Amino acid sequence: MPKDFLKGASDSYDVVVIGSGLGGLTAANILARDGMKVLLLEQHYKLGGLATWFKRPGGHIFDISLHGFPHGMVKSCRRYWSKEIADSIVQLERVRFDNPMFALTTSFDRKDFTDLLTTKFGIQQTKVVQFFDAARGMNFFDDQQRTTKQLFEEFFPGREDVVRLLMEPITYANGSTLEDPAITYGIVFSNFMSKGVFVFQGGTDKLVKAMEKEMKRNGVDVRINCDVEKINVVGDKVRSVEVNGRTIETKAVVSNANLRSTIFDLVGEEKLDDSFVQNAKAVRLNNSSTQVYMAMQDGDTVPRETGDLLFCSTAERFQTDLLLSRDITSRTFSFYYPDTRPEGKGRTLIVSSTNANYSDWENLNKEQYEASKTDLVEGTLDALEKYVPNCRERIVHAEAATPITFEHYTKHVNGSSFGTKFEGLTVSRALPEQIDGLYHAGSCGIIMSGWLGTINYGVIVANDVINQISSAPTVAT
Amino acid sequence: MAPAEIRTAIIDILGDIAPDEDLSNLDDQQSFRDQMELDSMDFLDIVMELRKRYRVQVPEEDYTNLDSMASTVSYLTPKMVAVA
């Protein structure tokens, strides 16, 4: 008989959280800490969503999305998780760029960027200050028509090199492009710019395990291998969820699943207003990614000067279509040195990431798909050779992940690795107005993406849920 | 709670949220944001702490009332009149 992953689970909860990405984990933790009876359901056998890792023979542990996040994570982890988790966050000291326009290494904070822009790029100090202030002053309620491209045109007209320096890391961090609203850039850039780029020492596995421990301490009922099939709605109110053959009643659902699958697969458009459905259908998914995971042989490493994050490109110009193209010219290499896991086996691992279109991968037959993956690995090793000489001899394990891989493990529509474009946030926020007790807290709207964005969004939504449940009229018994 | 007590309660919450800020010279008429580094999550945390400590609900559309100490206290006074 198959194992019952819901063994001992209650028949009813205050809140059911669907999905254990960082947004789902954080929402569950905040809700339980507030005294709610919470059930967390994860379809995969591991918690974390895209905040994940995998092991390969030889003691290699690869992180998928650990590198890197803004300083704000320290505060968010301390408040919404624990001091222990916050205390393990350390800075990535070397963010390196290498492309036909420029080559440099930066600590990626406001001071260093100001120095670089004035000395190396010849931009006037006052202009730089104005730009940083403008980016920092942006918020959600500002003009949403202006694009990031227009923002750069205003401050640095004709300076594609400056645009590249300021934009490339953000594109890596959340998939946003020059065509997205300027406010999404301003908010995310200011987050990073406050103090640099950070990482969790000990690896994603240590972080997610610490979060699991904290959630359980706060009373969350955590269940893996539980793929929710349906959210049952009666009238305009959430009643229950269907999972692994059981119906579990709940006052509220927080879906950390992809926004579109939450609306169209778990709920069903017949339960929603036409205009809401139209808006939801118009939400564009953000792009997917490819990654190549490479492990250096035991005892071998690269000099620290190689960088922690290396944005390398052979493209003469910085353009969105080039960044997404199958003909890869731009890659972000993450160098995970042995101190990523101080208690680990001392391995050096390299992960190459590139943004990619799902459509370029979805219609390949098995043979073409395998051949494309091989090409991806080979092309990546070719590009790495410049930074890690003789890399083909020194790398003992290399494999690729594609948009299909991301789709398979996260069940995100089209393998989307950064949720949705900006308009997704409005739809996500409007969901509880459609169905009482139904919330979405997943990566969306660009600004609610990335590790910090999703964690904070989980908190925002948990707060909404607590307000709803604690203000609901209590039934006399 | 009287306005002066509400003010003390807010200072306590701010002290926990921004432990590095000196709150002794806070100008009640001036915006919090102009005097200390507070982001939107900090404001949400103030709201969550108010609910946790005093069972006061601040709906999202009222967040603008939390701009300065003076506006916060006058907004909360009728809501917290029954709070011991």
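**Notes on a predicted two-chain model**

1. A word on the ground rules. This is a predicted model, in which local features need pLDDT of at least 70 and side-chain atom pairs count only at pLDDT 80 or more, while totals for chains, interfaces and linings use all residues. Residues are numbered from 1 along each chain as its sequence is written, and chains are lettered from A and ligands numbered from 1 in the order in which they are written.

2. Two other backbone spots deserve a look. Most residues other than glycine have a negative phi, and most peptide bonds are trans. A:Asn225, not a glycine, has a positive phi of about 55°. This residue belongs to the loop between strand E10 (221–223) and strand E11 (228–234) of chain A. A:Asn225 counts as partly exposed because it has 16 C-beta neighbours inside 10 Å. Then there is the peptide bond between A:His67 and A:Gly68, which is cis with omega about -10°. A:Gly68 is part of the loop between strand E4 (60–63) and strand E5 (69–70) of chain A.

3. An open sheet of 3 strands runs in the order E5-E9-E6 (chain A), with antiparallel pairing (strands pair if DSSP finds at least two bridges between them). E5 and strand E6 (89–92) of chain A are the edge strands, each pairing on one side only. E5(A) is joined by 2 bridges to strand E9 (residues 197–200) of chain A, and the two run antiparallel. Within that pair, A:Pro70 stands opposite A:Val197 in E9(A).

4. Strand E1 (residues 12–18) of chain A pairs with E2(A) in the parallel sense over 4 bridges, and A:Val17 has A:Leu40 as its bridge partner in E2(A). E2(A) also pairs with E10(A), again in the parallel sense, over 3 bridges; there A:Leu41 has A:Arg223 as its partner in E10(A).

5. A:Leu40 counts as buried because 30 other C-beta atoms lie within 10 Å. Beyond its neighbours within four places in sequence, its contacts include A:Val17, A:Ala28, A:Val220 and A:Arg223 (contact is C-beta atoms, placed from the backbone, within 7 Å).

6. On packing, the largest nonpolar core has 134 residues, of which A:Leu31 and A:Val38 touch the most other members (a core is a set of buried Ala, Val, Leu, Ile, Met, Phe, Trp, Tyr and Cys residues joined through C-beta atoms within 7 Å). Helix H17 (residues 450–471) of chain A gives the largest share of this core, 10 residues. Apart from this core lies another, of 8 residues, among them B:Ile6, B:Ile10, B:Leu14 and B:Met80. Leaving aside neighbours within four places in sequence, A:Leu31 contacts A:Val38 and A:Ala462, among others.

7. Lastly, the interfaces. In chain B, 6 residues are in contact with 8 residues of chain A. The chain B side has 4 nonpolar, 1 polar and 1 charged residues (nonpolar: Ala, Val, Leu, Ile, Met, Phe, Trp, Tyr, Cys and Pro; charged: Asp, Glu, Lys and Arg; polar: the others, Gly among them). Within chain A, the domain assignment gives domain 1 (12–50 + 206–284 + 418–471), domain 2 (54–65 + 285–410) and domain 3 (109–195), with bounds from an automatic or database assignment. The centres of domain 1 of chain A and domain 3 of chain A, over C-alpha atoms, are 32 Å apart. Of domain 1 of chain A, 8 residues are in contact with 10 residues of domain 3 of chain A, and the domain 1 side has 5 nonpolar, 2 polar and 1 charged residues.

Definitions and conventions: Contact = placed C-beta atoms within 7 Å. Buried ≥ 20, exposed ≤ 12 C-beta atoms within 10 Å, placed from the backbone.
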